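Hi,

Here is the structure I promised to pass along.

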Amino acid sequence: MSREVKLNEALLETATYPLSVATARQEFENVRLVYADGTEPLAAVLDRVEDEQFDSPDEAQSSIYNSIPAEGVGEPGQSGGEG
């Protein structure tokens, strides 16, 4: 059974660091990230991460954020900016 997690929710803070990307895939294989326009398995996002290892939760979060599609960030119907 998969678990849906919003991007702003704590997730990788519970892992032991340093954490390899391969281990993160295994530990969080049932997690789906909830985007503004749908969901995606965390494992698929981790497949796009260039790092082999995360040294901290902040590093993991940053790498994941950098690997999600731009359309996934924000709220549904949110404008791209004003003025």
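Of the 83 residues in the protein chain, 30% are buried (buried is under 20% relative accessible area, exposed is over 50%, and partly exposed is in between, with a 1.4 Å probe and protein chains only). The chain exposes about 5400 Å², and carbon and sulfur atoms supply 44% of that area (Shrake-Rupley method with a 1.4 Å probe; for residues, only the protein chains shown count as cover).

Before you go further, please keep in mind that this is a predicted model, in which local features need pLDDT of at least 70, side-chain atom pairs count only at pLDDT 80 or more, and totals for chains, interfaces and linings use all residues. Residues are numbered from 1 along each chain as its sequence is written, and side-chain values use heavy atoms, with hydrogens and water left out.

On the fold: the protein chain has three helices and five strands, taken as DSSP runs numbered from the N terminus (helices are H or I with at least four residues, strands are E with at least two). Starting at the N terminus, the order is β-β-α-β-β-α-β-α. Among contacts with a separation of 6 or more, 57% come from residues 24 or more positions apart; contact means heavy atoms within 4.5 Å.

How many salt bridges does a search of the whole structure find? There are two, where a salt bridge is a side-chain nitrogen of Lys or Arg within 4 Å of a carboxyl oxygen of Asp or Glu.

- D47 pairs with R25, and their closest N and O atoms are 2.7 Å apart. D47 sits in helix α2 (residues 42-48) and R25 in helix α1 (residues 21-27), so this pair ties together parts that are 22 residues apart in sequence. D47 is exposed at 52% relative accessibility, while R25 is partly exposed at 28%.
- R48 pairs with E40, with 2.7 Å between the closest N and O atoms. Here R48 is partly exposed, at 39% relative accessible area, whereas E40 is buried at 12%.

Two other spots may interest you. S63, in helix α3 (residues 57-65), is buried with a relative accessible area of 10%. Setting aside neighbours within four places in sequence, S63 is in contact with V49, D51 and F54. The other spot is P18, in the loop between β1 (3-6) and β2 (19-20): the peptide bond from Y17 to P18 is cis, with omega near 0°.

Best wishes
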